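Thanks, everyone. Let me put the next structure up, and we'll walk through the fold and then the ligands.

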Amino acid sequence: MKPFIYDYTYDELREWAVAQGEPAFRGGQIFDWLYVKRVNSFEEMTNLSKPLRQKLDEQFAFVTLNEITKFESKDGTVKFLFGLHDDHAIETVIMKHNYGNSICVTTQVGCKVGCTFCASTLGGLKRNLSAGEIVAQVVQAQKILDDRGERVSSIVIMGTGEPFENYDATMNFLRIMIHDKGLNIGQRHITVSTSGIVPNIYRFADEDTQINLAISIHAPNDALRSKLMPVNRRFPFDDVMEALRYYIAKTGRRITFEYALIGGVNDQPEHAEELASVIKDMLCHVNLIPVNHVPERKYVRTSRNDIFQFQRILADKGINVTIRREQGHDIAAACGQLRAKHMESGAR
Ligand code: SAH
Ligand code: SF4
């Protein structure tokens, strides 16, 4: 199979052009056709010679995302289930905010991390997505928004999959997204979320970017975190915290802790107290997420009062904390839920 043209960064396309005996700027022209003009074929790249377009066609393919289903929420959130060339299905979400449109992308078909509250991991990991298959989700979303004269203003890597288990593809995806000759998404408007793959937190800290990092922490200590997230046995709580302290010191950037509140499990006042004591000196923000019900799991939601109490305990200790505004709740917009339903019907 031919590699996807969306797999290549701006610099790589320039190198490719030179390798074909063309000036480097031809690579930049290709990048412009892909991300500014957003064409669907090499044929349309009319400022390139016919032989060069033919070479492109011989060597590369476009990613095809087939819309299997689409769910539109009353709040403007649209969730897509896309079929890939090998019939695997992935989810992409467009969320409408008053400041613009945010896209939530998937990085792997399934996930092997095994968090006990997550629908994405129920069928295990099928395969990694290539950089281009992640890019295609944003380009497709942008094409839909083009019809309304709107643009993708932010990206969250919070769909199915663990981005730091597919690190190189995720980084190339990010390089393509932030390039000023392409979609030019502001780095500060992009967030990558990880369950805590420690070696790659260090790597990410050393990448000289302004991209935001979020950590799915979900527990205030090692023992409880191991119960909820088996990955914690591989990369223990204290090692995650040490890596995050390194990241903060190295980048000077604030991190976000994601904390899914699960009724009676991790949502008690003592959990809030313990979390506060662990993170009080860190440059951070806590985002509380009322757990989304996953039919296969027994977890229940924390009551509104208890959510506010949890928030207050953290805030009283000087911690910056918000409760995630829920979007698309009426359309099963939580990570992996749509695909899980699709697989129940016997699909991949
Ligand atoms: N794999 C990455 C990024 C995707 S998940 C990660 O785990 O960080 C985005 C966020 O949704 C994560 O914080 C994840 O832990 C959380 N999440 C997964 N299932 C959930 C559920 N049922 N309810 C609430 N949050 C959930
Ligand atoms: Fe994977 Fe993230 Fe789901 Fe955990 S929460 S199983 S890391 S997708």
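What radius of gyration would a compact globule with 348 residues have, and what does the protein chain have? The rule puts a compact globule of that length near 20 Å. The protein chain has 21 Å, so the two agree. Keep in mind that this is a predicted model.

Now the overall dimensions. Along the principal axes, the C-alpha atoms fill a box of roughly 70 × 45 × 40 Å. Secondary structure next. The protein chain has 12 helices and 12 strands. As for burial, 43% of the 348 residues count as buried.

Now ligand 1. There are 18 residues around ligand 1. The ones that come nearest are C118, S193, S216, E258 and N292. Which elements give two or more residues to this shell? They are β8, spanning 190-194, and β10, spanning 255-261. By type, the shell around ligand 1 has 10 nonpolar residues, 6 polar and 2 charged.

Then ligand 2. Here the shell holds 13 residues. C111, V113, C115, C118 and T121 come nearest. By type, that shell splits into 5 nonpolar, 7 polar and 1 charged.

Over to you for discussion.

Terms used
Residues are numbered from 1 along each chain as its sequence is written. Chains are lettered from A and ligands numbered from 1 in the order in which they are written. This is a predicted model: local features need pLDDT of at least 70, side-chain atom pairs count only at pLDDT 80 or more; totals for chains, interfaces and linings use all residues. A residue is near a molecule or strand if its C-beta atom, placed from the backbone, lies within 6 Å of it. Helices (H or I, at least four residues) and strands (E, at least two) are DSSP runs, numbered from the N terminus. Ala, Val, Leu, Ile, Met, Phe, Trp, Tyr, Cys and Pro count as nonpolar, Asp, Glu, Lys and Arg as charged, and the others, Gly among them, as polar. The radius of gyration is taken over C-alpha atoms; the globule rule is 2.2 Å times the number of residues to the power 0.38. A residue is buried if 20 or more other C-beta atoms lie within 10 Å of its own, exposed if 12 or fewer, and partly exposed in between; C-beta atoms are placed from the backbone.
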